[in-house]
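Subject: Structure handover

Hello,

My notes follow below it.

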Amino acid sequence: MTNRMSANPTGAYGPDEPLWETGRMARTFETVGVVGLGTMGAGIAEVFARSGLNVIGVEADDAALARGRGHLESSTGKVVARGRMSTQEQTALLGRISFTTSREDLAGADLVIEAIPEIMEYKRALFADLDRICKPSAVLATNTSSLSVTAIAAATSRPAQVVGMHFFNPAPVMRLVEVIGTVVIEDGLAAEVAGLARRLGKTPVTVGDRAGFVVNRLLLGYLNHACVLLESGLSSRDDIDVAMKLGLGLPMGPFTLLDLVGLDTSYEVCEVLFRESRDRRHAPAPMLRELVTAGLLGRKTGRGFYSYGEGTATVPEAGPKAAVSVAGIVGGVPEAARLLTDLDAAGFKAVVAEPSDLTPVADADVVIALSERPVIELAVRLPHPERLVGLHLVGDQVAEVASTVLTSDEAAGAVRDLVTVLGRTSVRCGDRAEFVVNALLYPYLNDAIRMLDSGYASAGDIDTAMRLGCGYPAGPFEMLDVIGLERVRDGLRALYAEYREPSFAPAPLLDQLVTAGVSGIRAYAR
Ligand code: 3HC
């Protein structure tokens, strides 16, 4: 896919005049300040220092400063341990960072970036202070996850020199930087900051000042939705994580990622998104509030959705076991025929039935209904409805095993065992539309289509942002083209019919593209 950044370095938004047309000299960024050395701030300081810039790291007090220094030592220590950096390079990198508790030390910095908690009053107070301290030419940047850069800029006397520079966790590894321009930003500054991001080895995507920008707007909706599905009892934490990681090839499942991002940060981002969108799906899940109130913020506090003892998450428990003499398969060709062949090769006796006539499977020990939609309608037509289990194969590695309200534990356990024999990982879930993976994926894809349709960012920029910001194997539009627009549209309709959630209704653009017979959204959006 074409990377639009190479054609247009500032992306879809923002003044992009070459500097010679703005009548001022290009800035040089050699000394940068980083205010706040928590997980993100320390990561950002590491990125700057790794690229040869001098860094002034600022924290509120000596204890926080020592913690920040500790983050930097341990992060770079891991890179040394992997043989990717020599100890001399590590020493030189750390030597480029000075640590201080005095903001006044930032007076000579060319750019100061803040990574303090996501609370607007704190940010505005800090920026007012930086405005007083920093030299007139200095650029003030915020690493805010979702707050209004314009509102932060307005706390200074130099709003034209304030920009969003949004890194992703872990900052030394994730390759994206979102550069956020405002309506008052100085001509050419977004491009200069994008150039700085490139100097750091990152890929910039430049966008306007909207809550959540590109990545968090799409990501947090999905993460919050995962919490809602967990709370609804559709599936377990471990099953949902495994489903999304192995089923879609994402680097992490949603709960592992929430723990990495921090539940407090995730909660705050959802709040900000909700305030702007009024979309119920952005309203933070009650579970998030409870965990945050309890101080269980994820990795940084040692416990969130998972407990972290020596860096390892808890292990999922095994399910019940049962023997199967004859398995019944219900489903259309070719899926049912393929499953029959696989079960046969694994030494199981199996019989197949069409959904229209279940007679051949009436006496089977278990009945596997291949489907991505609820299967209870099939179960109630069998003499032993407790033996029917829904099965949805996701990619090459995962099978969603759906229990209806009538399914027995033995039947569900037996099907999970069969799935294991077939070399797949089973994901336990309830009998709801689109089960787990598609229930989480399709609304995310729908959101991406809405974002494209709103003109906020191009399909290329959105794809780049999700691939490089979250390590996804493909961006949403790349995924849409692989899955097929019609299939996603129909899945969204099924989700809407099941949950009656207004934002699950297919985006008008998606509906129109399917109606028009357009097969690939990227071809349309180009
Ligand atoms: N400096 C340089 N490189 C580093 C490093 C550091 N400090 N720490 C790790 N690395 C490198 C490692 O050397 C390794 O490189 P290699 O693969 O070439 O050997 C690579 O990074 C991966 O490191 P690990 O092997 O330790 O870890 P994993 O392979 O398990 O990957 C992960 C970890 C990169 C975190 C991966 O799971 C991932 O991409 N997860 C998704 C993270 C994500 O979505 N982040 C965005 C969250 S949203 C956000 O931050 C926005 C905020 O506003 C909320």
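The shell around the ligand divides into 13 nonpolar, 6 polar and 4 charged residues. Here Ala, Val, Leu, Ile, Met, Phe, Trp, Tyr, Cys and Pro count as nonpolar, Asp, Glu, Lys and Arg as charged, and the others, Gly among them, as polar.

Some ground rules. This is a predicted model, in which local features need pLDDT of at least 70 and side-chain atom pairs count only at pLDDT 80 or more, while totals for chains, interfaces and linings use all residues. Residues are numbered from 1 along each chain as its sequence is written, and side-chain values use heavy atoms, with hydrogens and water left out.

Ligand site

There are 23 residues around the ligand (a heavy atom within 4 Å). Glu-46, Ser-75, Arg-82, His-166 and Asn-169 come nearest.

- Arg-82: a side-chain N or O atom is 2.6 Å from a ligand oxygen.
- Asn-169: a polar backbone atom is 2.7 Å from a ligand nitrogen.
- Asn-216: a polar side-chain atom lies 3.0 Å from a ligand oxygen.

Taken alone, the ligand exposes 1100 Å², and the protein buries 70% of that (Shrake-Rupley, 1.4 Å probe; for residues, only the protein chains shown count as cover). Helix 3 (39-50), helix 4 (62-81), helix 9 (215-232), helix 11 (254-261) and helix 18 (459-470) each give two or more residues to the shell. Helices (H or I, at least four residues) and strands (E, at least two) are DSSP runs, numbered from the N terminus. Helix 11 gives the most, with 3 residues. Domain 1 (19-207) and domain 2 (221-301) each supply at least three shell residues; those bounds come from an automatic or database domain assignment.

Annotated spans

An unreviewed UniProt entry places "domain: 3-hydroxyacyl-CoA dehydrogenase NAD binding" at residues 31-209. That span is 40% helix and 21% strand. For "domain: 3-hydroxyacyl-CoA dehydrogenase C-terminal", UniProt (unreviewed entry) lists 212-308 and 435-520. Residues 212-308 are 63% helix and 0% strand. Residues 435-520 are 70% helix and 0% strand. UniProt positions use the numbering here, feature names are shortened, and annotations may be inferred rather than shown by experiment.

Backbone points to check

Most residues other than glycine have a negative phi, and most peptide bonds are trans. Where does a cis peptide bond turn up? One joins Asn-169 and Pro-170, with omega about 0 degrees. Pro-170 sits in the loop between strand 6 (162-166) and strand 7 (176-180).

Phe-213 has a positive phi of about 50 degrees. Its loop runs between strand 8 and helix 9.

Arg-500 lies in the loop between helix 20 (485-499) and helix 21 (508-515). Its relative accessible area is 59%, so Arg-500 counts as exposed.

One more loop

Asp-110 is in the loop between strand 3 (97-100) and strand 4 (111-114). Is Asp-110 buried or exposed? Buried, because its relative accessibility is 14%. Its side chain reaches the backbone nitrogen of Glu-30 at 2.8 Å.

Best wishes

Notes
A polar contact is a pair of N or O atoms within 3.5 Å; within protein, one must be able to donate a hydrogen and the other to accept it, and residues adjacent in sequence count only if both atoms are side-chain atoms. Buried means under 20% relative accessible area, exposed over 50%, partly exposed in between (1.4 Å probe, protein chains only).
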